[in-house]
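Subject: Structure handover and notes

Hello,

Please find the structure below, with the sequence. My notes on what was found follow directly after it.

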Amino acid sequence: MSFFQEPPQLANQYTTDRALRLLLERCLPQDVLGAVQGDLENFGLRVTDDILDLCLAAQAQEPRLQQFDAWGNRIDEIHVSDAWKALGAIAAQEGLVALAYERPHGAASRICQAAKLYLFNPSSAIYTCPLAMSDGAARLIEVHGDATLKEKAYKHLISRDPKDVWTSGQWMTERAGGSDVSGTETMARPAEGGFELTGTKWFTSATTSQMAMTLARVEGDQALSLFYIETRLPSGHLNNIEIHRLKDKLGTRAMPTAELSLRNTPAQLVGTQGRGVAQMATLFNVTRIYNAITSVGYMRRGLALAADFAQRRQAFGRPLSQHPLHVRTLAGLQARLVASLHVVFYVTQLQGKLECDEASQDERAALRLLTPVAKLFTAKESVSVLSEVLECFGGAGYMEDNHLPVLLRDAQVLPIWEGTTNVLSLDALRSIQKDDAFTGWRSEMERKISGLHKGTDAETLREGVQWLHRQLADNDPEQLAVNARAWAITLAKITAAILLAEQGQWEQYTKSESMALGCLKVLTQKQWLQPEAVFEWDDTEHQIVYGQSK
Ligand code: MFK
């Protein structure tokens, strides 16, 4: 009989995730851990079972735009699969957004929510995207919304009832203004009861959402303002919105992303006129954290499959898991996942504290700096790790029908949307120059380092912090900007190393072995913690790209 390869199996994604369990054990108060553990165990199983089935069904039936009905009326109806809708219903019932606002565990609620999102994401066909925008919109309303918005939208965004729950869009991107939203062309004109918006939005994710937060310029203003839109009229028709087409994307194809135009669309001003970008930051700082959770979620799924496969796949007379070179490869990837996981959960913890008014000045500053850094770093790690994961399967990793390539294709959007790597590196620098965020981050990190015992690598960690500080102190803004990416990635790695050391110390006390210290050791051996190369801007770079001097 000829040979057939056994496919990889997914075990319970919570109970088998040692890194996550240890992290939660340390970060959550014992009563909270006791209260959520059963739920996480059930959910960890469901994401390998019925939720995964829905994910595959949603990916198999992509959304479709129907622009006209049989009678020639323009309807612009986006049809999504039943599976996509079912994923939304499960997300509501599981309280994936609601948890953060019900706050059953105070500031720690964000950590519990992040654990569920991390489990859900790789089985959700990226339903985490609408959840991210809805959570960001709920937070935006909580901070900047008036009573009407709280009554109209907020309660729907945080509902657990599938019939009542809403998702929100975050319509920032236009043809002229992508990363640079100052190019926004959408105009807002005062109208009865508020404003009317006219303009074109070039990328709108999860376009079937019931509402959207968007930017527009009030006639005569220089600065942008923030607006709330309801996408449909009570009749079900679109609310003066035309959908031109669905985007033909590399990944995230179960989710509709559209180009659309607003044609005198009724809108309500949110917060203060002319403070649109600053207020929208309340939303996009939440979605950036979701992006980071999503990044680690994809890495985890890929590595869970690759590690299982390595125990089944025989090559050169033994399973791959008995080949040291293969295990070394997997260990390097796993250590990178765990490093990212700690950065993500630390940011989540800070966000929870901020929202419960429990964050110190230093923690607020650390959060401001780490939000863009965690997003940019984990997104890059996700793409790189998943590319390696596919290779771990050999040719099978390149085959669409085993649902491995989709992980990489979906992950490829993570460094792009919600601010590209370079834009976020510059945002990190801006947080330092404008809000002195480095000082707070540094105090937080030094506090953690001084809690480490002798014998740990405290000195190396301290040197890492000092290296980051020297770069800021010794370079002019132009040099800092050209090295912003290297600086931000180094900051992410140093943060990860400090968090791993802190976790490792706790694990050594309470367990017989430490996974976190194992990861730190592997990363150190790989020289992963070395600062990224920084060097002066030189015209050679322009020449090698364009063949001539600037
Ligand atoms: C599964 C996970 C999925 C997640 C959902 C995915 C859905 C996809 C939807 C999208 O991709 S929507 C498009 C996302 N687009 C971006 O994220 C835009 C990227 N560009 C930037 O972030 C630019 O840095 C920015 C647009 C903010 C620059 O605009 P400006 O007008 O040059 O802003 P400026 O002058 O730097 O800042 C204006 C104000 O906002 C300042 O406050 P003040 O007016 O008080 O001085 C800034 O401090 C504040 N601000 C900017 N960025 C901030 C911030 N505040 C806090 N945090 C930030 N990150």
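I494 counts as buried because its relative accessibility is 6%; buried means under 20% relative accessible area, exposed over 50%, and partly exposed in between, with a 1.4 Å probe and protein chains only. From I494 to P324 the C-alpha separation is 28 Å, and the two are 170 residues apart along the chain.

Before the rest, the basis of these notes. The model is predicted, so local features need pLDDT of at least 70 and side-chain atom pairs count only at pLDDT 80 or more, while totals for chains, interfaces and linings use all residues. Residues are numbered from 1 along each chain as its sequence is written, and side-chain values use heavy atoms, with hydrogens and water left out.

Helix pair α2 and α6

Helix α2 (residues 30-46) and helix α6 (residues 109-120) have axes that come within 11 Å and cross at roughly 10°. The axes are lines fitted to C-alpha atoms, for helices over the stretch in contact, and angles run from 0 to 180 degrees between N-to-C directions. That crossing makes α2 roughly parallel to α6; the classes are roughly parallel under 35 degrees, roughly antiparallel over 145, roughly perpendicular from 65 to 115, and oblique for the rest. On the α2 side the contact is made by V32, V36, D39, L40, F43 and G44, and on the α6 side by C112, A115, K116, L119 and F120. These residues divide into 8 nonpolar, 1 polar and 2 charged. In that count Ala, Val, Leu, Ile, Met, Phe, Trp, Tyr, Cys and Pro are nonpolar, Asp, Glu, Lys and Arg are charged, and the others, Gly among them, are polar.

P122 is placed in the loop between α6 and α7 (128-144). At 9% relative accessibility P122 is buried, and it touches C55, G297, Y298 and R301, not counting residues up to four places away in sequence. P122 and V296 are 174 residues apart in sequence, with their C-alpha atoms 9.5 Å apart in space.

T214 in strand β6

T214 sits in strand β6 (residues 211-218) and, at 0% relative accessibility, counts as buried. Its side chain makes a polar contact of 3.2 Å with the side chain of K201. A polar contact is a pair of N or O atoms within 3.5 Å; within protein, one must be able to donate a hydrogen and the other to accept it, and residues adjacent in sequence count only if both atoms are side-chain atoms. A polar atom of the T214 side chain also lies 2.7 Å from the backbone oxygen of W171. Leaving aside neighbours within four places in sequence, the residues in contact with T214 include L197, S225, L226, F227, I229 and M280.

Ligand

The ligand is surrounded by 28 residues, of which the closest are S179, R275, R288, R430 and K434; a residue is near a molecule if one of its heavy atoms lies within 4 Å of it. A ligand nitrogen is 2.9 Å from a polar backbone atom of S179.

S425 lies in helix α13 and is buried, with a relative accessible area of 1%. A polar atom of its side chain is 2.7 Å from the backbone oxygen of T421. Not counting residues up to four places away in sequence, S425 touches L376, A484, R485 and A488.

D436 is partly exposed, at 43% relative accessible area. H403, also not a glycine, has a positive phi of about 65°. H403 is found in the loop between α11 (361-392) and α12 (405-411) and, at 38% relative accessibility, counts as partly exposed.

Regards

Technical notes
Helix = DSSP H or I, 4+ residues; strand = E, 2+ residues; numbered from the N terminus. Contact = heavy atoms within 4.5 Å.
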